[in-house]
Amino acid sequence: MKRQAIQVLFTSLLAILGTSADEALAAKTLVFCSEGSPEGFNPQFFSTGTTNDASSVPIYNRLVEFASGTTNVVPALAESWQESADGLSYTFKLRKGVKFHSNVKFTPTRDFNADDVLFSYYRMADPGHPFHKVTPGQTFAYFEDMGMDKIVDKLEKVDDYTVRFKLKHPEAPFIANLGMDFASILSAEYADKMKSTGTPEVIDREPIGTGAFQFASYQKDAIIRYKAFDAYWNGRPKIDNLVYAITPDAAVRYAKLKAGECHVMAFPKPADIALMKTDPAITLLSQEGLNVGYIAFNVEKKPFDDKRVRQALNMAVDKENILKAVYQGAGQAALNPIPPTLWSYNKKIKDYPYDLAKAKDLMAKAGYKDGIEVDLWYLPVTRPYNPDGKRMAELIQADWAKIGVKAKLVTFEWGEYRKRSKGGEQQSMMFGWSGDNGDPDNFFIPLLGCEAVKGGGNVSRWCNKAFEDLVQKAKTATKQAERAKYYEKAQEIVKEEAPWVPIAHSVRFTPVRKEVIGFKMDPTAHHYFSKVDLSK
Amino acid sequence: MLGFFLRRAGLVVPTFLGITLLVFSLIHLIPGNAVEALSGERGMDPARYARLMNEFGLDQPLYQQYLQYLWKIMQGDLGRSIITHEPVLGEFLSLFPATLELSCCAMLLALILGLPAGVLAALKRNTLLDYSVMGVSLTGYSMPIFWWALLLILLFSVTLGWTPVSGRIDILFDLPPITGLMLIDSLLSGESGAFKSALSHLILPTIALGTIPLAVIARMTRSAMLEVLREDYVRTARAKGLSRLRVIGIHALRNALIPVITVIGLQVGTLLAGAILTETIFSWPGVGKWLVEAIHRRDYPVVQGGILLTASIVILVNLGVDILYGIINPRIRRSS
């Protein structure tokens, strides 16, 4: 009866409605089903991928950027740069003829120049800057987390199209830092104009940048609209309108993609991947993520103070099985702390073989012939580098049991998990990392450096002199080839010392509709549409 | 009548205080530290910690904190979101029309279909029709909204392509919010097709959200009708020669509606709870979705304010129903 009634309702409604509206979709409007509302539109304040996708990526540019689909640094608003021989000063030649966007409140009268670089930088760096605190409560957290104030001594304007950064000490990852979202360049002229009208905070709500798309409108939790910027310095985008349809549920995003209501979708559910592969309307793009999932041994606690135990447990983990059961094929076995997509990845390193006899032998030599009990902490949440912590823990528990190691599975609420691990309470624990600037330094220092034992990011609490020397040298060396050598050597030490069982680098997927042309996945998980076109 | 009204309104005060107490305690009950939860900052230096502690009034005795919290609520100050730094009340008011629109449509659907279905089932008691209505409504009542909504999308949007998957209106229309109610705004905009688009976007969420109230109302109407139909006065009315339709419409239904109205009032709570799921699935920018996101982001001021405001709405609606009840049924008015 109710079903019938619904059907009647439907048929009558449809009679009124006629055909649906999607046929009217303009040919060159690309719709991206994004996963959530951005926190704001000034990328200097925020660090989540959702916010970057909506602000720094479409609207802004940086002095340098990462070449599409890679983590190689390429010129953007800076045409070229030079570093001094001592590595303490970087001089940037700025690009000429770069236009800023306009909106109802502001029309730029000049092109991008050195003043904009200084404004964007000092707004973050100088607590006394008039724009440092204009948006109440917002802080420049990422700038501070990256320690930029400890790296940069000052930024000078040499002339209108030249700026120079003076560093306090040589810092090789500095250039990559400038390509990150928080280093986006804002318009100083816009800021002045808004200040003169008494509404300086408008620059953070109604963004003006130099990027491929101009911000048009935003309705929280529903939709963000952008228009192609005709005067974009790197060539006008091929699409005319870019729309983000904010759709938090992954199943609904997929339904919208299937129904043609969006062209590209963010973050598919692993369970839907198999179906997407067979869908004729969809191309499923994939890329190895810039991440690593691992088990860390706390080397300050028994029995993991003994290298042989750590090596034995490495040999006792059946990674292939984990890849199949946990990552469902969407991952590759990890040998090193960094993923193979990152430069300086040491290809020569051989993983510990899955060899139970040898593992048992090592355990016996370490004095644990009759077996031992250990705690294994597992992730309470799904992370990009690990879709199912509990399942992985159970598999490892079974593996280790084969060589007489009884693992007790332990977990906490995510906040508590991180807090306790910072204090070093764990014996062995599951963890992982997603890189965000494409520099190996971004993995080695925060995960395995001696400083990070204190900070708590180094959850194996492993501080190795030889390793530390190498990664510190790599930090200050200025040639990439030279740095790569240090990192390759450092990876050998990690393999030998075995503070971790590196498990996997997960593969990320982006489903796009067949009519989308030229969409490339990005290792830092941003979604770029400036070079994308639509057929039809 | 005034006395009745005041007595009922008086009952609301302790309920409201109870909710404020609960919401107030939330910040002290969650794991971790209240200053960190309210500011969203971690690893502060002691000076900043002390300053924030003072700013939030957390250095005062608990009862004083509570009184201050009450005082702020009275002034309409529910704090600011940690993430957006916008006032919580302002965010709520801008999103509430979307939830209101959806909830009203769902309730309307439930009434239009639920009441007649219940009456019919009661009249045709123990027939196939009765069993079907009861069976289908039990199924509807037991269906998890999340799953039901996805089924609807898969069938009507993906397979048949009749309705849009999610959102409030086609992205082609960029309408300025006037009332916040999309059906009205789309009419006011004067753009052709806007109203159609808004209406077609409303269909599936309305069905998903209206299903449970619909089932409850149908079942309640049926049992209330059955009870009334057995009453002597119904038999008397029939015996003195009134038409069947008149007996059912005037004498039976009106009396049967009294318990049904109470249930309708209670369903407002169900609707708002269901809106959280429905809005999340259909990307409906309303209060429910806002609350879910706030919980994901540990945006405690929004969670606190959102719960307080939604709870207040449920209380107020039920107060309204109580009063309506008194108007319909004089016995209630006098006896209480």
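**Exercise 1. Determine how much area chain A and chain B bury between them, and how many residues and salt bridges the contact involves.**

Solution. Step 1: in this predicted model, chain A and chain B bury about 3900 Å² between them, where buried area is the accessible area (1.4 Å probe) that two parts lose on being put together, summed over both. Step 2: carbon and sulfur atoms carry 68% of this area. Step 3: with contact meaning heavy atoms within 4.5 Å, chain A supplies 45 residues and chain B supplies 46 residues. Step 4: the count of salt bridges (a side-chain nitrogen of Lys or Arg within 4 Å of a carboxyl oxygen of Asp or Glu) between chain A and chain B is 0.

Conventions. Residues are numbered from 1 along each chain as its sequence is written, and chains are lettered from A and ligands numbered from 1 in the order in which they are written. Local features need pLDDT of at least 70, side-chain atom pairs count only at pLDDT 80 or more, totals for chains, interfaces and linings use all residues, and side-chain values use heavy atoms, with hydrogens and water left out.

**Exercise 2. State the confidence of the model and of each chain.**

Solution. Step 1: the model scores are ipTM 0.74 and pTM 0.77. Step 2: pLDDT, the predictor's confidence in each residue from 0 to 100, has a mean of 88 in chain A, where 95% of residues reach 70 or more. Step 3: residues 11–26 of chain A have pLDDT below 50, and this stretch makes 17 contacts in the model beyond near neighbours in sequence. Step 4: for chain B the mean is 87, with 96% of residues at 70 or more.

**Exercise 3. Describe the make-up of chain B and the packing of α7(B) with α9(B).**

Solution. Step 1: chain B contains 14 helices and 0 strands; helices (H or I, at least four residues) and strands (E, at least two) are DSSP runs, numbered from the N terminus. Step 2: the axes of α7 (residues 145–159) and α9 (residues 194–229) of chain B come within 10 Å and cross at roughly 145°; axes are lines fitted to C-alpha atoms, for helices over the stretch in contact, and angles run from 0 to 180 degrees between N-to-C directions. Step 3: the residues in contact include B:Trp148 and B:Phe156 of α7(B) and B:Leu204 and B:Thr211 of α9(B).
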